[in-house]
Amino acid sequence: MAYETVIGLEVHTELKTHSKIFCGCSTQFGSEQNTNVCPVCLGLPGVLPVVNEKVIEYAVRAGLALNCEILPFSKFDRKNYYYPDLPKNFQTSQQDLPIALKGHLDIEVNGVKKRIGITRIHMEEDAGKLVHAGNSITDSDYALVDYNRTGVPLLEIVSEPDLRSPEEAKAYLEKLKSILEYIDVSDCKMEEGSLRCDANISLRPVGASEFGTKAELKNVNSFRSVQRGLEYEELRQAELLDDGGKVIQETRSWDEARGITVSMRSKEQAHDYRFFPEPDLVPIMVAKEFVDSVRDSLPELPDARQKRLSEQCGLSEYDAGVITASRAMADYFDAVVAEGADAKTAANWLMGEVSKHLNNENVSVADCPVKPLALAHMLQLIDKGTISGKIAKTVFEEMWASGKDPEMIVKEKGLVQISDVSEIVAIVDAVIAANPQSVEDYKAGKQKAIGFLVGQIMKQTKGRANPEMVNKLLVERLG
Amino acid sequence: MDLHQQTIEALHAALSNKQISAEELTQDVLKRIDAVEASVKAYLTLTPEIALEQARAVDAKIKRGDAISPLAGIPGAIKDNICTKGTRTSCASKILDKFVPPYDATVIEKLAAQDAVMVGKANMDEFAMGGSTENSGYHPTHNPWDLAAVPGGSSGGSAAAVAAGEAVWALGSDTGGSIRQPAAYCGTVGLKPTYGRVSRYGLVAYASSLDQIGPITRTVTDSALVMNAICGYDAKDSTSIAADCPDYTKALTRDIKGLKIGLPKEYFVSGMDADVEKAIYQAIDQLVALGAEYKEVSMPHTQYALSAYYMIAPAEASSNLARYDGVSYGYRGEGNDIVSMYKTTRSEAFGDEVKRRIMLGTYALSSGYYDAYYLRALKVRSLVKRDFDRAFADVDVLVTPTAPTTAFKLGEKSSDPLAMYLQDVCTIPVNLAGVPAISLPCGFAGGMPVGMQIIGKPLGEETILRAAYAYEQEHDFAARRAPLGEGK
Ligand SMILES: [Zn+2]
């Protein structure tokens, strides 16, 4: 039977506030275990939480960037469950009145654009981390708890079940990450756990309106795993249904190494979280003026920026999309253009040499050793004909390695392009004179011979001769 | 009279005039503790070294000629659910048997700023759940007026310490009457401030939306003095009220002419002790004689308050007490895995009353029951609040008995939790509404003290203190001391 896949995503993102959500402890990642803790985040008897107002501001930022409605009156609730890394054995979260509701974001898969609904965004505190003594939970004699992460602020962003394929899920995640980075509320580092994703996936016969039974996929910690895990589930559930079986509602975890999903717990073992309003915190009132001021402070978001780059700078929609996918890349691009470089050349260089170097050396755009001003200067040298595009690659290598100014490199290494006709004519004539056989071959109709001659000229000028002029003059002279 | 039986007011004067030293006073209280603690058992932890050190520091100040604050050098008892840095805070529970907080509650910091002296941590019902201090995980406390009777609860240790001369003042906490009811049973003055008036930071939570710290003292003036020290907004407690505190002693003018008193008829319940009722009516006559006017008012939802309370308080408690799991501090039971460790820890270290309320609260919050129990209780709470709003549109204060009877005998009600819960019937609505109320002695019945409750509007502490003070000045109830150790 043909099935339609239905996917909804729950994304947890750690906010990059300097302090935790309910106390003043640092949120620094990678600190020594249990050093970023205090009585409040340890949940010691008698302590009380106080909301970090930056968290509310960041939540509002995210809500507005994702086109949500910001609730003027929301509140925190307690979600009760026992887990050793949760010091109070309840998590302060939001249940019935989250800070933001009903938003959306737009994705594009294989040239098809689609709008994905966002159900809600709510704030909550992170739990700590268990460190097992052995290699896995089952062969450990004991476990230790690191509470550094306890109380780090999280946003949970819940999508509508609008996604219809693993590719769409991946595109949604990429877009979400891009937006969160643009508005500067999260690092979105999946490897550090600052962006985490749980996925709900179900299948239904094509044309059916009711949802099938879903499985929840947990612990997927890269975009690739999300896609792979969902692809696996699509197949597993389809085979199960084809065999007349039933999908059971359960939580499954993605085993990256084996490339399969494994059952964690079924619905019967599911928690009753016993939500109720957090009595230690007063309700959150967000004034309209505050929402307006946050809205005014939002930067240009990826979609708007892509549109601007294609309309104003004449980039193709694809190129503009690639460049604006990351805010750092788009900022770099804008800076290069602002320094006077041609937009299209800049885009080509960014997607070409610059990206290649960044990827090879695993460096982020923000830390690129070649600064936008320097790249702009180099592109201008090409434009002016001072260096050829080919030489530019050599210059760029040197800029990357030494951080030197391109003009300096060109001067020091004598890389200035020779565009003086008389100088080139002299060399052309000398090469013709020295290679009579090739001249004869050319005259006999062997086009390859001209390549050899050009090569000889370039060799003599160390590649500095203006290639267009060399070609033109050579053809004239052999004419 | 002995130093340990004096008021804060009198002792402050004696210290300021250098008639006595703070060390001498503290030694006297410690001596009194030595003499009577074995029969009263008001304390869980005694801190004589800390007390003497604090007292000597005050003496040094006096010697230098520095002015001292009203509580400076005056020994007090702190209920054992208020965190004290470096001093064991057990909440009278085995589960926190060895718990030594690494921080002070805000009220403790405030008292330290006043140079008050702490002689010890007072006994209580475990996690403040109970009305008799018989539910302490360690030992019951005895009523200094009759050692066979309970001191009330859950701040029974605090009230008994003050009544027995084992402390000049004490801090208690009040979730459903836990300051006022023991104050009444022990012939002392107990004040539950407006919710949010005193920071809860460092008070080990029972039911967060109801708990409030307050003083237990010998006189209304002393109550005002302790309030002056502990009142105020605290950035560490988001439910605390951002308003300045007045000097409460300025409210004690004796002038209550024209004060409108409401008598809520629903509080004069059947089953009330006739002598208690008589004492309250006499007290009301007295207030009228002083110029107050009174009228009967109706608070129709009072009858549902007790039920609502026994949904809301256990629900919050079930969540607040979830952290006592043996993982990071406190008692840890044996277990082969984490779940069995949780189970043995909580089974072995919590007492019956605590378990009863955790189960009740867990049930009330369970999916499928939430709407029927917890949510409905919240609705009742709103109605109870509305009763108060309506009543206070007509009157300035409400006067009721603090408890329907005087202190009952130890063991008398411990097998019948429901009968025990009924002792809080007059005090519970006040916590649901978050308003302030004071209990002060208004007579004796069968040799045991009777308490009168005066309830005020939100932030109306000055008014209830003024009314209580005016009444107190007409009687010698505040000067009477439990017969303990005198002629026995
Ligand atoms: Zn902290």
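Mentor: Start where the chains meet: 39 residues of chain B are in contact with 29 residues of chain A. Keep in mind that this is a predicted model.

Trainee: What area is buried between chain B and chain A?

Mentor: About 2,600 Å². Carbon and sulfur atoms give 57% of that area.

Trainee: Which three residues of chain B supply more of its buried area than any other three?

Mentor: Ser238(B), Ser319(B) and Arg323(B). Together they supply 22% of what chain B buries against chain A.

Trainee: How many salt bridges are there between chain B and chain A?

Mentor: One. The side chain of Arg200(B) meets that of Asp280(A), at 3.1 Å from N to O.

Trainee: And polar contacts across the interface, how many residue pairs?

Mentor: The rule finds 17 residue pairs, both partners at pLDDT 80 or more.

Trainee: Which elements of chain B give two or more residues to that side?

Mentor: Three helices of chain B: H9 (302-320), H10 (338-349) and H11 (352-365). H9(B) gives the largest share, with five residues.

Trainee: What about the classes of residue on that side of chain B?

Mentor: There are 20 nonpolar residues, twelve polar and seven charged.

Trainee: Let's switch to chain A. What is the strand order in its three-stranded open sheet?

Mentor: The order is S5-S4-S15 in chain A, with antiparallel pairing.

Trainee: How many bridges join S4(A) to S5(A)?

Mentor: Four, and the two strands run antiparallel. S4(A) covers residues 77-80. For a landmark, find Asn80(A), which stands opposite Phe90(A) in S5(A).

Trainee: Which strands of that sheet does H9(B) touch?

Mentor: H9(B) packs on the sheet and touches S4, S5 and S15 of chain A. Its direction makes about 60° with that of S4(A). Recall that H9(B) also gives five residues to the side of chain B that touches chain A.

Trainee: Now chain B. How many strands are in its open sheet?

Mentor: Eleven, with mixed pairing. The order is S1-S3-S2-S4-S6-S5-S10-S11-S9-S7-S8 in chain B. Strand S1 (43-46) and strand S8 (293-297) of chain B are at the edges, with a single partner strand each, so one side of each lacks a neighbour in the sheet.

Trainee: By how much are neighbouring strands turned against each other?

Mentor: By 30° on average, direction ignored.

Trainee: Which strands does helix H3 of chain B lie across?

Mentor: H3(B), residues 48-64, lies across S1 and S3 (117-122) of chain B, at about 160° to S3(B). Helix H8 of chain B, residues 274-289, lies across S7 (260-264), S8, S9 (397-401), S10 and S11 (448-456) of chain B. H8(B) runs at about 50° to S11(B).

Trainee: Back to salt bridges. How many over all chains?

Mentor: The structure holds 53. One to look up is Lys175(A) with Asp303(A), at 2.6 Å from N to O. That pair links distant parts of the chain: Lys175(A) is in H2(A), Asp303(A) is in H5(A), and they are 128 residues apart.

Terms used. Residues are numbered from 1 along each chain as its sequence is written. Chains are lettered from A and ligands numbered from 1 in the order in which they are written. This is a predicted model: local features need pLDDT of at least 70, side-chain atom pairs count only at pLDDT 80 or more; totals for chains, interfaces and linings use all residues. Side-chain values use heavy atoms; hydrogens and water are left out. Contact means heavy atoms within 4.5 Å. Buried area is the accessible area (1.4 Å probe) that two parts lose on being put together, summed over both. A salt bridge is a side-chain nitrogen of Lys or Arg within 4 Å of a carboxyl oxygen of Asp or Glu. A polar contact is a pair of N or O atoms within 3.5 Å; within protein, one must be able to donate a hydrogen and the other to accept it, and residues adjacent in sequence count only if both atoms are side-chain atoms. Ala, Val, Leu, Ile, Met, Phe, Trp, Tyr, Cys and Pro count as nonpolar, Asp, Glu, Lys and Arg as charged, and the others, Gly among them, as polar. Two strands pair if DSSP finds at least two bridges between them. Axes are lines fitted to C-alpha atoms, for helices over the stretch in contact, and angles run from 0 to 180 degrees between N-to-C directions.
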